[in-house]
Protein chains: 2
Amino acid sequence: MTTVKHMKWWGWGVEGVQFEYHNKPNFAPFVKEAVDLDLEVEPADIDAPDLDRLRLPDSLISAAQLARLTELVGDAHVTTERLERVTHTYGKSIRDLLRLRDGSIARVPDVVVYPGTEAEVQQIVDLAVDQDAVLIPFGGGTNISGSLEPLPEETRPIISLDLGRMNRVLEVDEQSGLARVQAGTLGPDLEEQLGDRGWTMGHFPDSFTHSTLGGWVATRSSGMQSDKYGDIAEITRGLRVVVPRRTLVIRPLPGTSTGPSVREMILGSEGRLGVITEVTVQIHRLPTERQVLGYLFPDWQAGLAAMEEIASSDASPSVTRVSDARETGFSFATRKKGKKVSGAVSAALMKVLERKGWDLEKLCLSFIGYEGSKRHVGYEKNLVRQIVRKHGGILLGKGPGTLYDQKKFDTPYIRDFLLDRGAAADVSETAAPWSRLRDLYAGTVAAANAAYREIGVRGWIMCHLSHSEHSGACLYFTFAFRHDDNDPIGRYEVVKTAIQQAFIDNGGTLSHHHAVGREHAPWIEQDLSPAGADMLRGLFESVDPKRNLNPGKIVF
Amino acid sequence: MTTVKHMKWWGWGVEGVQFEYHNKPNFAPFVKEAVDLDLEVEPADIDAPDLDRLRLPDSLISAAQLARLTELVGDAHVTTERLERVTHTYGKSIRDLLRLRDGSIARVPDVVVYPGTEAEVQQIVDLAVDQDAVLIPFGGGTNISGSLEPLPEETRPIISLDLGRMNRVLEVDEQSGLARVQAGTLGPDLEEQLGDRGWTMGHFPDSFTHSTLGGWVATRSSGMQSDKYGDIAEITRGLRVVVPRRTLVIRPLPGTSTGPSVREMILGSEGRLGVITEVTVQIHRLPTERQVLGYLFPDWQAGLAAMEEIASSDASPSVTRVSDARETGFSFATRKKGKKVSGAVSAALMKVLERKGWDLEKLCLSFIGYEGSKRHVGYEKNLVRQIVRKHGGILLGKGPGTLYDQKKFDTPYIRDFLLDRGAAADVSETAAPWSRLRDLYAGTVAAANAAYREIGVRGWIMCHLSHSEHSGACLYFTFAFRHDDNDPIGRYEVVKTAIQQAFIDNGGTLSHHHAVGREHAPWIEQDLSPAGADMLRGLFESVDPKRNLNPGKIVF
């Protein structure tokens, strides 16, 4: 069958890779303290869920439709196998994982197709419209906002269109710094094909190892180095999108004044306007020098103030990130035995800081990245150093940054590890103007804690600031609580709802870079105002009046 | 009546200000050579056209409608006077000026209203929809793409809604670098109100002195310093837009992943989705140091190559601009008597360059701007200096840049001066990837020259590159020809059409920052593909099914 690889159907990442805590002496005590979960008590059953025990609805695809799809893309690229259908049902939100483990699958795709060309995509889209089927495009399946799931009440056949075979860099325009890339290309494949030629796209979301370019565009993704490279909306210059009967072509342009931006309508459209097949992206020559340095701030307010000042300074680092005290504690708790976060974050340093009057409970770890020529990196570091110092921060050096670089894609494995042991963890992120960030932070933490009280658990919430822009930044929260297999989804909803509402109430958006899907759709009218939500409805309706294209996402 | 000031109804700028050529000894010979026009022959009649001789259609506004509007905004803010109606009919394109001078006014607004509040705007919009009238928002009236004109065949009453009374900076968020500003605020008023508090928005389009914030947003404007401050799409963070029955509110956010960007739908919407009443914009502290330096390159290819390399370098200047040899010649021709472009561009320098083997006919003048701390400006200048030198360029110094800064808003006056004397001049600009710019330039010049041959005139076309982005830049063409009052509009259309088609055929967009309006709408399907144009149609139709909001603009 297909050669397209997927993550395991019931969790993050590939089989056989998992988070290991025995070599991290501080982790178990940390988890016990944070969410009252005792890791020393081995859970009864942490084997993978059993696919054969899942009850799936029968496939609604007709024999004639199946024959037609097979004719279009070839026998090897159409499947109604259980594993494939389940793999293509959800993304990887905590809600998704809980449902899969629980066997709560109201509706799955009836067939999965793997087209190899844009012409095949066109024929599949047209077939879906002609036959009044539902079409859901699928990239890497990493989405955590419910952008992929079929509507439970859907009675029409559902086709999952997996772009995984369309995974090549087609053309590099070295003079312009542009590359034309197929939408199904996974992050590592994309960077490898570009890297071989000395280029990078510079887009590294947390999901990087398992997500695709098309998925990034469809969900308005943002990567860790967006301060330098821009988010996907900025990186995306040209597009090819298969819509019913024809292909939308946005030519690669550095700028244009052609009315409301159609390019920006495709960005974040989550399959509701068609299937993205090709993206022309900005690429950059691999920098001569690249450094991510670690810093420590005495507290969250000092860290925030420093990031704010960097954003309006002459400095332009590639990464700006500061964790609150809780996330800093989490980072320290995942240190390996005998390994300091770096030589710098030693017990000796802690003693020095204590003598200086720092409250070690309030420490905030920060990472700031620099790229360019050796001289430019030196110049930028110096600009930042003065600002860090002004706000009482100290430089730790390269060690923590190197570690951050190595570990940055591993966090989802910790989530699965915790889930196996009875704790649910997820992330919610937002963005707001600098002047709102303090209240937004305090309001969100307070809302989460109130929700934990409501559901009667000792919950955890931690945060970092990242993705600095001129007028504001992203606050990225991670939250966790012990679910004890006692209505975990219901309890998750209480916490998630509290956090989302706190975002909106404090001037934040419903999500900075995880899209809307179904998870965040309840807040879209509060975010965009009813008139804005109706513009989205009008746009979707005009392209897709019968709601064949991933219906029910973004706006209900 | 109203206190809102407008430009003269028949040309650019204010009464009494005009281009003066007698103190510029090289100008008359230059014009003779360029477009075969003899300035020594004084034209028969260069008095202002006579408003009283214009034949205007009768106002279609009913007494009841007029009474209602008067009730809404007050007697002083509603008018059906001839001058007001004519002033609100067109923008300031060469087509507009030719039509006004010719008395070709098929349709004018039937009434002009000046609301003072958003609530009044809401009532006017609702009245227009209820009464099936047409509503055309009006800012400064500088548009050159036909975005303002009523459709000749329109039989419904037309209301021109002038935002001129809504001209205040409402709020400055110094911490976030954001200002909330009323949409009718003119450029100089905006910068003065911000400047008093030590801030700038940094948006300086050629039209700056007479255009408004709302107009900039509605037409996706871009300013001369967009390399640093971004174009208006980037500067615009929050919006309030009156749509039928309610107000669309986009909260100011540094970034978001809330589906297709509604913010980017309003940008460039030219009144077709509603009336922009407030914009929250990014602002920056006035820089400690600001320099615009002049450079000379031996030819156009060298200048282009230098700009291209700067764009992918570690340098980030605030202005990057290089003129082709013809535009350089034009700049030199507008020098005042006894005044060099600077001390540096002297006859002595020319001799030196000649001895170095430069072809003085091919000289290209360039301006590069720097802002920030004194040290940062020094650092940036040094980075740029190395690149300029590599491409054979030389630094002229501050003189030409200072002059450029002083004269940058004056060019439209030259256009009117030429028009009075029988020559038509206009501008067309585009943007494309760096790899396409050479062919785009050559193709456009060739197309214009072919068009001049077709209409049998000696025409002129000159160009500069500006608004550098990572993957490409804007090419800004100015063209002129002697019309001899012999079907000037028809001949203009031949030239304009040739230039626009050359843009599209060579990978450029129909306009980089002058919007679509009616002038560029014929190319929108070639620019966005038919599917893209239909998305715009679908969006407009969903908000405005009866086509009451500035119909016929962007897409027909």
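Me: Contact here means heavy atoms within 4.5 Å; at about what angle to β17(A) does helix α12 of chain A run?

Reply: This is a predicted model, in which local features need pLDDT of at least 70 and side-chain atom pairs count only at pLDDT 80 or more, while totals for chains, interfaces and linings use all residues. Residues are numbered from 1 along each chain as its sequence is written, chains are lettered from A and ligands numbered from 1 in the order in which they are written, and side-chain values use heavy atoms, with hydrogens and water left out. Helices (H or I, at least four residues) and strands (E, at least two) are DSSP runs numbered from the N terminus, and axes are lines fitted to C-alpha atoms, for helices over the stretch in contact, with angles running from 0 to 180 degrees between N-to-C directions. Helix α12 (residues 325-333) of chain A lies across β12 (289-297), β13, β14 (364-372), β17 and β18 (472-482) of chain A, and its angle to β17(A) is about 100°.

Me: In the open sheet of seven strands in chain A, what does the twist average from one strand to the next?

Reply: The strand order is β15-β12-β14-β13-β17-β18-β16 in chain A, with antiparallel pairing, where two strands pair if DSSP finds at least two bridges between them. The edge strands, each pairing on one side only, are β15 (394-397) and β16 (423-433) of chain A. From one strand to the next, the twist averages 25°.

Me: Which residue in β17(A) is the bridge partner of V322(A)?

Reply: Strands β13 (residues 319-323) and β17 (residues 460-466) of chain A pair in the antiparallel sense over two bridges. In β17(A), the partner of V322(A) is L465(A).

Me: What is the average twist of the open sheet of five strands in chain B?

Reply: This sheet has the order β5-β6-β10-β8-β9 (chain B), and its pairing is antiparallel. Its edge strands are β5 (169-173) and β9 (246-250) of chain B, each of which pairs on one side only. The twist from one strand to the next averages 10°.

Me: Helix α6 of chain B packs on the sheet; about what angle does its direction make with that of β5(B)?

Reply: Another helix, α5 (residues 118-130) of chain B, lies across β8, β9 and β10 of chain B and runs at about 50° to β8(B). Helix α6 (residues 187-195) of chain B touches β5 and β6 (178-182) of chain B, and its direction makes with that of β5(B) an angle of about 45°.

Me: How far apart are the closest N and O atoms of R246(B) and D534(A)?

Reply: Chain B and chain A bury about 6400 Å² between them, 57% of it on carbon and sulfur atoms, buried area being the accessible area (1.4 Å probe) that two parts lose on being put together, summed over both. Across this interface there are four salt bridges, each a side-chain nitrogen of Lys or Arg within 4 Å of a carboxyl oxygen of Asp or Glu. R246(B) and D534(A) form a salt bridge, and their closest N and O atoms are separated by 2.5 Å.

Me: By about how much of a helix are R68(A) and E71(A) separated?

Reply: The side chains of these two residues, R68(A) and E71(A), meet in a salt bridge at 2.9 Å, N to O. Because R68(A) and E71(A) are three residues apart in helix α2 (residues 63-73) of chain A, their separation is about one helical turn.

Note on methods
Contact = heavy atoms within 4.5 Å.
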